[in-house]
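Good morning. I will go through one model today, starting with some aromatic rings and ending with a helix.

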There are 2 protein chains.
Amino acid sequence: LNISIIGAGKVGKALAIKFKSAGHQIHQVFSRKLDHAKALAELTDSEPTNDIHSIKNNADIYFLAVKDDAILELATSLNINQKIIVHCSGATALSIFEGIHKNYGVFYPLQTFSPDIEPDFSELPICIAANNFETEEILTKLAKTICPNIYQINEGQRKNLHIAAVFANNFSNYLYTIAEDICIRSEIDFKILLPLIKQTVRKIESSKPSEVQTGPAIREDHGTIQKHLESLKKEAPEYLDLYQLMTNMIIQSKNK
Amino acid sequence: LNISIIGAGKVGKALAIKFKSAGHQIHQVFSRKLDHAKALAELTDSEPTNDIHSIKNNADIYFLAVKDDAILELATSLNINQKIIVHCSGATALSIFEGIHKNYGVFYPLQTFSPDIEPDFSELPICIAANNFETEEILTKLAKTICPNIYQINEGQRKNLHIAAVFANNFSNYLYTIAEDICIRSEIDFKILLPLIKQTVRKIESSKPSEVQTGPAIREDHGTIQKHLESLKKEAPEYLDLYQLMTNMIIQSKNK
């Protein structure tokens, strides 16, 4: 297929490179920053632009891989006849395209992209939705050329999946940041915690997380909890509320 | 060495089996539940007991692998002459043995143990402390027979390491539990999130967690945050406070 990519950020870049390597043609790459568009265009043998109005209507599919709050404006600016347009957002409704385009969908790779680590498309899931059956079929076929794990999910599911991902990914990374900060204050190398973090994840590959909870809260070890709270109060009071809240929630979860 | 293990729970079991396979002799295994003592004694060719007073004083080292609040009582019940006694707790002071025993230490494997998954002693760190140099040396030598990653850490460091581990391990597992619960409510298989969770951990193996934070909070994407809060309010209000608190903390961390 002939694909144009709107947005040269982490998601746009990962998709463009993967589509290209799967044999598709990347037609145009748009970014507000011409440098970014040029860099990705060079990698994917395509045409860069920083003018949304110069995006031509002769691609098959248009990928909006941009910030959520830029989707509507850019979608409105695109004149693509009846070609397919998709966004890649977990948090944006499919219906954002209603009344603007005729064939549209969502192409949501459930993954955290980073500039340094290549995404593993053999492992990550791609969630697909569309406003009609033909579009859904084309998107599913396209997705299958780069990834074996394709899910058709409805709007409510995608919304909740995105919220679940915020807890499982964004918030857990912030817990690692807190752990890192506590280590730095004690002149401990944060890397000492990596085997523990990796083992925690290994456990939930085979068991439900609700069944493998460990630690002072689930044991209702109030002596240890008290010691931790006192220590945080003195040395890192900004984490006190969070420790207290999560401890209470874990204790309450036992009684469910 | 000749080792007696007090406590046949997850930690006691993992250590006893590993010591045995490294060529040490497991002398006696104590558990309040005779069944548990017998099961572990069978695995390690040792003598089970549920009577702490029948623990003999002819082992070289005594491992207290029990709940934190049982350490003092059991340590007091042990009559072991001047042999070495250690506990395996991240949250208990070394000085708990002061005035009770002469040679003592801490032997703290920084890991989450589970009955189903074998711990990887080639990867996990063991933190050592002792009340005198000779004891520290013996414990370090012993630790090196089962694990290459040995750290001498002081009391303040171990306390903070334990707090950091609660955030990085216990609390992050609880976030996975929340994500699981949200998935179940929407009839989504929680396993769809595993590649994302694994990628989050992969990122912090090469980068600092504070430098790879992603998600609506760090982007200050208030539109998405608002949508998530409204959805949680309706569908899972018990997670609303935590979402709000962590989001605020992440936003504030940007301005540090």
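**Rings between the chains**

B:Phe167 has a relative accessible area of 0%, so this residue is buried; buried means under 20% relative accessible area, exposed over 50%, partly exposed in between, with a 1.4 Å probe and protein chains only. The rings of A:Tyr243 and B:Phe171 are edge-to-face, because their centres are 5.3 Å apart and their planes lie at 65°. This pair crosses between chains, from helix α8 of chain A to helix α5 of chain B. A:Tyr243 and B:Phe171 are both buried. As for the rule, rings of Phe, Tyr and Trp (its six-membered ring) pair if their centres lie within 6.5 Å, and planes under 30 degrees apart count as stacked, over 60 as edge-to-face and the rest as tilted. Helices (H or I, at least four residues) and strands (E, at least two) are DSSP runs, numbered from the N terminus.

The model is predicted: local features need pLDDT of at least 70, side-chain atom pairs count only at pLDDT 80 or more, and totals for chains, interfaces and linings use all residues. Residues are numbered from 1 along each chain as its sequence is written, chains are lettered from A and ligands numbered from 1 in the order in which they are written, and side-chain values use heavy atoms, leaving out hydrogens and water.

Over all chains there are 16 aromatic pairs. One of them, A:Tyr239 with B:Phe167, is edge-to-face, at 6.2 Å centre to centre and 65° between the planes. Ring pairs also link A:Phe167, A:Phe171, B:Tyr239 and B:Tyr243 into a cluster.

Now the helix. In α1 of chain A, the buried residues include A:Gly12, A:Leu15 and A:Phe19. After α1 of chain A comes A:Gly23, with a positive phi near 100°.
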